[in-house]
Amino acid sequence: MSSLGVIIYGASGHGKVVADALIRSGRVVAGFLDDNAVLHGREFFGYSVFGGREKLAELFHENCREIIIAIGKNAARRELAELLTAQGFEFAIATHPSAVIAQSAVIGAGTFIAATAVVNPDARVGEHCIINTGAIVEHDNVIGSFVHIAPGVNLGGRVIVGEGTDIFTNATVIPDVTIGKNCVIGAGAVVLKVAPDGVTMVGNPARVISKRRAGHD
């Protein structure tokens, strides 16, 4: 195992995208981890899959201590982030070189910014987020941790997105709207008003079709 470079947790399609961004931005990829035992010891995207979480202590001892979680599910990223933090790992930020990030924007640890995404001035993006291909995070947005902004999403100025929320492909949120925690905004939705915590909204204009029960966030 290499003692240098960023470990990618998640040997999947999204893991390939994160690896490509790291490589294109001049970072070194050490290899992959994944909890699917079938992948252990195999090559994936030109790199070794070292194993799963049982390998963490060994990697840390070998000074492989920088990691990024390349898993699309927000809850899974949160669970792994808590585990890795407790074990002392540091979280890399991966940014594709074609992404445009304003000088005054703030990007949290463990976050991935994909190709052609835009994060405009004074936007704040939390930890372990995914700002996916071609997404637009406009000026003064506040994006909570463990959020996924899918490809082609357009967030107008001063939008707030609560932690754990998914906003799916090509959805639009108009300026000054707040999306609560642990929401799901469906693909192509146009959100014109506040989305309370835990709701699923779809359509144009977006409407609430379900709400998570208490204790199921």
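Modeller: Buried means under 20% relative accessible area, exposed means over 50%, and partly exposed lies in between. Keep in mind that this model is predicted.

Colleague: Is His139 buried, partly exposed or exposed?
Modeller: His139 carries the UniProt annotation "active site", from an unreviewed entry. The relative accessible area of His139 is 27%. Buried needs under 20% and exposed needs over 50%, so His139 is partly exposed.

Colleague: Leaving aside its neighbours within four places in sequence, which residues is His139 in contact with?
Modeller: Contact means heavy atoms within 4.5 Å. With sequence neighbours within four places left out, the partners of His139 are Asn120, Pro121, Gly157 and Arg158.

Colleague: What is the phi of Arg158?
Modeller: Arg158 is one of the contacts of His139. Arg158 sits in the loop between strand 17 (154-155) and strand 18 (160-161). Most residues other than glycine have a negative phi. Arg158 is not a glycine, yet its phi is positive, at about 65°.

Colleague: Is Asp122 buried, partly exposed or exposed?
Modeller: Asp122 also has a positive phi, near 65°. Its place is the loop between strand 11 (118-119) and strand 12 (124-125). Its relative accessible area is 44%, so Asp122 is partly exposed.

Colleague: What is the relative accessibility of His148?
Modeller: The cut-off for buried is under 20%. His148 counts as buried because its relative accessibility is 11%.

Colleague: Leaving aside its neighbours within four places in sequence, which residues is His148 in contact with?
Modeller: Again, sequence neighbours within four places are left out. The contacts of His148 are Asn74, Arg77, Ile130, Asn132, Thr165, Asp166 and Ile167.

Colleague: Is His14 buried or exposed?
Modeller: His14 belongs to helix 1 (residues 13-24). Beyond four places in sequence, it is in contact with Ala70, Ile71, Gly72, Phe112 and Ile130. Its relative accessible area is 17%, so His14 is buried.

Colleague: What space lies in the largest pocket?
Modeller: A probe the size of a water molecule, rolled over the atoms, shows where empty space is left. For the largest pocket, the space is about 200 Å³.

Colleague: Which residues lie nearest the centre of the largest pocket?
Modeller: The lining has 11 residues. By class, 2 are nonpolar, 4 polar and 5 charged. Nearest the centre lie Asn74, Ala75, Gly164, Asn182 and Arg212.

Colleague: Which helix gives the most to the lining of the largest pocket?
Modeller: Domain 1 (6-91) and domain 2 (95-205) each supply at least three residues to the lining. The top contributor gives 3 residues and spans 74-86. That element is helix 3.

Colleague: What distance separates the centres of domain 1 and domain 2?
Modeller: The domain assignment gives domain 1 (6-91) and domain 2 (95-205). Their contact takes 16 residues from domain 1 and 17 residues from domain 2. Taken over C-alpha atoms, the centres are separated by 24 Å.

Colleague: Is the peptide bond from Asn204 to Pro205 cis or trans?
Modeller: Pro205 is in the loop between strand 24 (199-202) and strand 25 (207-211). Most peptide bonds are trans. From Asn204 to Pro205, omega is near 0°, and the bond is cis.

Key: Residues numbered from 1 in each chain as written. Predicted model: local features only at pLDDT ≥ 70, side-chain atom pairs only at ≥ 80, totals over all residues. Heavy atoms only, no water. 1 Å grid on protein atoms, 1.4 Å probe; cavity = no way out; pocket = protein on both sides within 12 Å on 5 of 7 lines; lining within 4 Å. Points joined across faces, edges and corners; volume = space filled by probe spheres on them. Helix = DSSP H or I, 4+ residues; strand = E, 2+ residues; numbered from the N terminus. Nonpolar A, V, L, I, M, F, W, Y, C, P; charged D, E, K, R; others polar. Domains from an automatic or database assignment. Buried < 20%, exposed > 50% of the residue type's maximum accessible area, 1.4 Å probe, protein only. UniProt positions renumbered as here; feature names shortened; annotations may be inferred.
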